[in-house]
Amino acid sequence: RNWWEWVFCTATAILHVIKPSRGAEVIQAVMGPQCAEVWGSDCWSAQLKAPAQRWQLCLAHQLRNLQAVLDRYPHLFWAQAMQALFRYAIHVHHQRDQWPAAQFAAHVARIATLGDWLLARPVTQPEALRLQHRYRKHRQHLFVFLERTDVPPTNNVSERALRSSVVHRKVSGGFRSQWGAEAYAALASIIDTAALKGTQAFEAL
């Protein structure tokens, strides 16, 4: 049986869920009536149906997608420029505490202007055009992290938390029972949440 690993992260807790589905119903079951202020993820359709007021697309995923285009079209200006813009935005995010508010705001305004300019440029390569259409559709979800200090530009925390489950699945071939999947998810949730708070795994258990 195929089992899929899910990980839900907040600033104070990490919840692992392992289910035989990758559908949006898993998110709905976990979230219940709750609605996130900002949901960070890649462009996977189930994630974009999550109950949230806003979304932040993971720029690490977008950088990799753009690199795949550049691997095929090494001199494509549009893909190079979008990569540079995303990296610039991430750099501005990391430097925000070191700049005066006016200087930070100027960088944010420049990012918005360059982004709109790039999204309006003509692109003909199919792979690049697909990404441009994505960024046009999700324009308001690209730079939420520049508006809020509590939103990261990537979902690297989730990716790191998910890694052990993925390795376990690849090594063991997956879970043999629902009980085993649920037990593993519960232990992983306790250990990873404890790590966020600086607590040792054995102490948390």
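Here are a few notes on one helix pair and the aromatic contacts in this predicted model.

1. Start with helices α3 (residues 59-72) and α6 (residues 126-137). Their axes come within 9 Å and cross at roughly 155°. An angle over 145 degrees counts as roughly antiparallel, so that is how α3 and α6 run relative to each other. The crossing of α3 past α6 is left-handed.

2. Who touches whom here? On the α3 side, the residues are Gln62, Asn65, Leu66, Val69 and Arg72, and they meet Glu127, Ala128, Leu131, Arg134 and Tyr135 of α6. By class, this contact has 5 nonpolar, 2 polar and 3 charged residues.

3. On to the rings: the structure holds 8 aromatic pairs. One of them is Phe8 with Trp39, with ring centres 6.2 Å apart and planes at 85°, so it's edge-to-face. Phe8 sits in strand β1 (residues 4-9) and Trp39 in strand β3 (residues 36-41), so this pair ties together parts 31 residues apart in sequence. Phe8 is buried at a relative accessible area of 13%, and Trp39 is buried too, at 8%.

4. Trp78 belongs to helix α4 (residues 77-95) and Tyr135 to helix α6, so the pair ties together parts 57 residues apart in sequence. Both Trp78 and Tyr135 are buried.

5. Which residues do ring pairs link into a cluster? Trp78 and Tyr135 are in it, along with Phe86, Phe143 and Phe145. Tyr135 also turns up in the α3 contact from point 2, on the α6 side.

Technical notes:
Residues numbered from 1 in each chain as written. Predicted model: local features only at pLDDT ≥ 70, side-chain atom pairs only at ≥ 80, totals over all residues. Heavy atoms only, no water. Axes fitted to C-alpha atoms, helices over the stretch in contact; angles between N-to-C directions. Helix = DSSP H or I, 4+ residues; strand = E, 2+ residues; numbered from the N terminus. Parallel < 35°, antiparallel > 145°, perpendicular 65-115°, else oblique. Left-handed = near helix turned anticlockwise from the far one by under 90°. Contact = heavy atoms within 4.5 Å. Nonpolar A, V, L, I, M, F, W, Y, C, P; charged D, E, K, R; others polar. Phe/Tyr/Trp six-rings, centres within 6.5 Å; stacked < 30°, edge-to-face > 60°. Buried < 20%, exposed > 50% of the residue type's maximum accessible area, 1.4 Å probe, protein only.
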